[in-house]
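User: I've got this one open and want a quick tour. Can you walk me through it?

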Amino acid sequence: MKNRISLRIYLLLMSSLPFLIVFMLGPSSGRPGEFRIINAHEHFQSITSVPKFLEAMRRNSIVKTVIVGSPEATILSGRKGFYGEEKYNLEVIKIANKYPEEFIAFPTVNVHDPQKVEKLKGYLKKGGRGLKLYSGHTFFYDMPLDDPQVLPLYEFCEKNDVPIL
């Protein structure tokens with residue numbers, strides 16, 4: 001079919017990240033093999049690295065990137081525990097607000113924080129568009145993400161159509 005759009009999900013191994021999820025939607029122009037790519041998982045330390053990243057996006061047909069808030073342990077090696085996320089949440093929101101055509105911000109919250117829902121609401125008001133939860137990182141969480149303590153986050157996200165990555 002000429003107008004049929006295919007969807008493919010790829011997991012790519014990266015040296016700087018455990019994985020990168022890329023959604024390939026195509027074809028975008030009708031030319032065989034041309035795709036628009038949405039990169040669904042990137043971390044940023046600072047807005048200063050954005051110009052080089054935008055150049056790489058353009059060279060590789062990446063039209064949108066989801067940038068995720070991060071605790072320090074995902075940014076700085078040798079760190080353990082879930083802290084420092086506010087700094088990186090605010091940075092990815094600042095990036096997404098400055099470059100709304102290229103980036104979507106998904107801040108994160110500490111699931112142990114009693115104010116987690118209120119903090120998420122604040123990040124969404126500032127420009128966050130979703131929530132990033134870190135499952136499988138045992139040095140962040142000592143409980144499963146289906147623990148009753150996390151249910152208020154899920155309830156808020158479901159009620160307000162907030163996607164979770």
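Analyst: Start with the aromatics. F44, F53, Y99 and F103 form one aromatic cluster. Keep in mind that this is a predicted model.

User: How many aromatic pairs are there by the ring-centre rule?

Analyst: The count comes to 4 aromatic pairs. Take F44 and F53: their ring centres are 5.1 Å apart and the planes sit at 75°, so this pair is edge-to-face.

User: Why edge-to-face for F44 and F53?

Analyst: Because the planes are at 75°, and over 60 degrees counts as edge-to-face.

User: What about F44 and F103, what geometry do they have?

Analyst: That pair is edge-to-face, with 5.7 Å centre to centre and 85° between the planes. F44 lies in the loop between β3 (36–42) and α1 (50–59), and F103 lies in strand β5 (residues 103–106), so the pair ties together parts that are 59 residues apart in sequence.

User: Is F44 buried or exposed?

Analyst: F44 is buried, because its relative accessible area is 4% and the cut-off for buried is under 20%. F103 is buried too.

User: And F53, buried or exposed?

Analyst: F53 is buried, at a relative accessible area of 19%.

User: OK, switching to β3. Where does A40 sit, and what is its relative accessibility?

Analyst: A40 lies in strand β3. It counts as buried, at 6% relative accessibility.

User: How far apart are A40 and K64 in space?

Analyst: They are 8.2 Å apart, C-alpha to C-alpha. In sequence, A40 and K64 are 24 residues apart.

User: Now helices. What are the numbers on α3?

Analyst: α3 has 14 residues. From first C-alpha to last, α3 reaches 20 Å, close to the 20 Å expected at 1.5 Å a residue.

User: Which residues of α3 are buried?

Analyst: The buried residues of α3 are E85, Y88, N89, E91, V92, I93, I95 and A96.

User: E91 is a glutamate on that list. Why does E91 count as buried?

Analyst: Its relative accessibility is 13%, and buried means under 20%. E91 belongs to helix α3, residues 85–98.

User: What does E91 touch?

Analyst: Leaving out residues up to four places away in sequence, E91 touches Q45, S46 and I47.

User: Next, α4 and α5. At what angle do they pack?

Analyst: Helix α4 (residues 116–126) and helix α5 (residues 151–159) pack at about 35°. Their axes are 9 Å apart. α4 passes α5 in a right-handed crossing.

User: Which residues of α4 and α5 meet?

Analyst: On the α4 side: K116, V117, L120, K121 and L124. On the α5 side: P152, L153, F156 and C157. The contact divides into 7 nonpolar, no polar and 2 charged residues.

User: Why would contacts in a helix come three or four places apart?

Analyst: An α-helix has 3.6 residues a turn, so residues three or four places apart point the same way.

User: Last topic: backbone. What is phi of S61?

Analyst: S61 has a positive phi of about 60°, although it is not a glycine. S61 sits in the loop between α1 and β4 (62–68). It is partly exposed, at a relative accessible area of 35%.

User: And D161, what is its phi?

Analyst: Phi of D161 is near 55°, a positive value in a residue other than glycine. D161 is found in the segment after α5.

User: Is D161 buried or exposed?

Analyst: D161 is exposed, with a relative accessible area of 69%.

Methods
Residues are numbered from 1 along each chain as its sequence is written. This is a predicted model: local features need pLDDT of at least 70, side-chain atom pairs count only at pLDDT 80 or more; totals for chains, interfaces and linings use all residues. Side-chain values use heavy atoms; hydrogens and water are left out. Axes are lines fitted to C-alpha atoms, for helices over the stretch in contact, and angles run from 0 to 180 degrees between N-to-C directions. Helices (H or I, at least four residues) and strands (E, at least two) are DSSP runs, numbered from the N terminus. A crossing is left-handed if the near helix is turned anticlockwise from the far one by less than a right angle, and right-handed if clockwise. Contact means heavy atoms within 4.5 Å. Ala, Val, Leu, Ile, Met, Phe, Trp, Tyr, Cys and Pro count as nonpolar, Asp, Glu, Lys and Arg as charged, and the others, Gly among them, as polar. Buried means under 20% relative accessible area, exposed over 50%, partly exposed in between (1.4 Å probe, protein chains only). The expected span of a helix is 1.5 Å times one less than its number of residues. Rings of Phe, Tyr and Trp (its six-membered ring) pair if their centres lie within 6.5 Å; planes under 30 degrees apart count as stacked, over 60 as edge-to-face and the rest as tilted.
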